[in-house]
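This report describes one protein chain for a reader who is new to structural analysis. Please keep the sequence and the model in view while reading.

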Amino acid sequence: MKKVKCYKHYDKDAVSQCVECSRALCLKCTSKHDEPLCNQCMIKLTKSNRVTLIREMIRNIIIMVFIFFRVFNYINHIEIEVGMSGKIVVSLFVSAIPWGWTVLNKITSKYFLFLPLIGWLIYFAIKLVLSVYIGIFVMPFKIFQILKGIKKSNKIITYAYE
């Protein structure tokens, strides 16, 4: 009976296979990543995750900038005397909604799918208010987390090429 050899190290016996493409992996290749993945699949998954992180960050920043300027202009039009720094703080506070919304989406129960229309309206109103308050605190951490994830993905890709 012929033993299966590693796809990369032809002189070593395979002990597992890639969970994505089923290539044979030796012990060294199996333990290289958190799960048994060949280098090509690891690079593909990492690039996909990096694109997702970048898209999330760009989407939230675009929405944030749009909300910031809309709120800032609205404060100017209603002529509230809070000063320039007050307008900036209020606009920044409200513009953090996308970050809070993203966090709330991850912890929201699926039971809300069965609400009547008034339930949905109440649900979204509460979620919007919570997004403002959560977003201002979560925003710096989420941006840091995304940038850290992008940096980590670059290291993983470099490591996988070795």
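## Serine 22 and its loop

S22 is partly exposed, because its relative accessible area is 45%. In this report, buried means under 20% relative accessible area, exposed means over 50%, and partly exposed lies in between, as found with a 1.4 Å probe and protein chains only. S22 is located in the loop that joins strand 1 (16-17) to strand 2 (24-25). Although S22 is not a glycine, it has a positive phi of about 70°.

## Basis of the model

The model is predicted: local features need pLDDT of at least 70, side-chain atom pairs count only at pLDDT 80 or more, and totals for chains, interfaces and linings use all residues. Residues are numbered from 1 along each chain as its sequence is written, and side-chain values use heavy atoms, with hydrogens and water left out.

## Overall architecture

The chain contains five helices and two strands. Read from the N terminus, the order of the elements is β-β-α-α-α-α-α. Helices (H or I, at least four residues) and strands (E, at least two) are DSSP runs, numbered from the N terminus.

The radius of gyration of the chain is 24 Å, whereas a compact globule of 162 residues would have a value near 15 Å. This radius is taken over C-alpha atoms, and the globule rule is 2.2 Å times the number of residues to the power 0.38. The C-alpha trace spans about 85 × 40 × 20 Å along its principal axes.

## Surface, burial and contacts

Of the 162 residues in the chain, 33% are buried. The accessible surface amounts to about 11,400 Å², and carbon and sulfur atoms account for 68% of that area. Accessible areas come from the Shrake-Rupley method with a 1.4 Å probe; for residues, only the protein chains shown count as cover.

Among contacts in the chain with a separation of 6 or more, 49% are between residues 24 or more positions apart. Contact means heavy atoms within 4.5 Å.

## The nonpolar cores

Which residues form the largest nonpolar core? Its nine members are C6, C18, L25, C26, C29, L37, C38, C41 and M42. A nonpolar core is a set of buried Ala, Val, Leu, Ile, Met, Phe, Trp, Tyr and Cys residues joined through side-chain atoms within 4.5 Å. A second, separate core has eight residues, among them M57, M64, W99 and M139.

L25, a member of the largest core, has contacts that include C6, C18, L37 and C38, with neighbours within four places in sequence left aside. The C-alpha atom of L25 is separated by 7.6 Å from that of K8, and the two residues are 17 apart along the chain. K8 belongs to the segment before strand 1. K8 counts as partly exposed because its relative accessibility is 33%.

## Packing among the helices

S91 is part of helix 3 (residues 83-95). Is S91 buried or exposed? S91 counts as buried, because its relative accessibility is 0%. Not counting residues up to four places away in sequence, S91 touches F68, V71, F72 and I75. V65 is found in helix 2 and is partly exposed, because its relative accessible area is 41%.

In helix 4 (residues 97-107), the buried residues are I97, P98, W99, G100, T102 and L104. They pack against helix 2 (39-77), helix 3 and helix 5 (117-161).

## Isoleucine 156 in helix 5

I156 lies in helix 5. With a relative accessible area of 22%, I156 is partly exposed. Leaving aside neighbours within four places in sequence, I156 is in contact with M42 and T46. I156 and N60 are 25 Å apart in space, C-alpha to C-alpha, and 96 residues apart in sequence.
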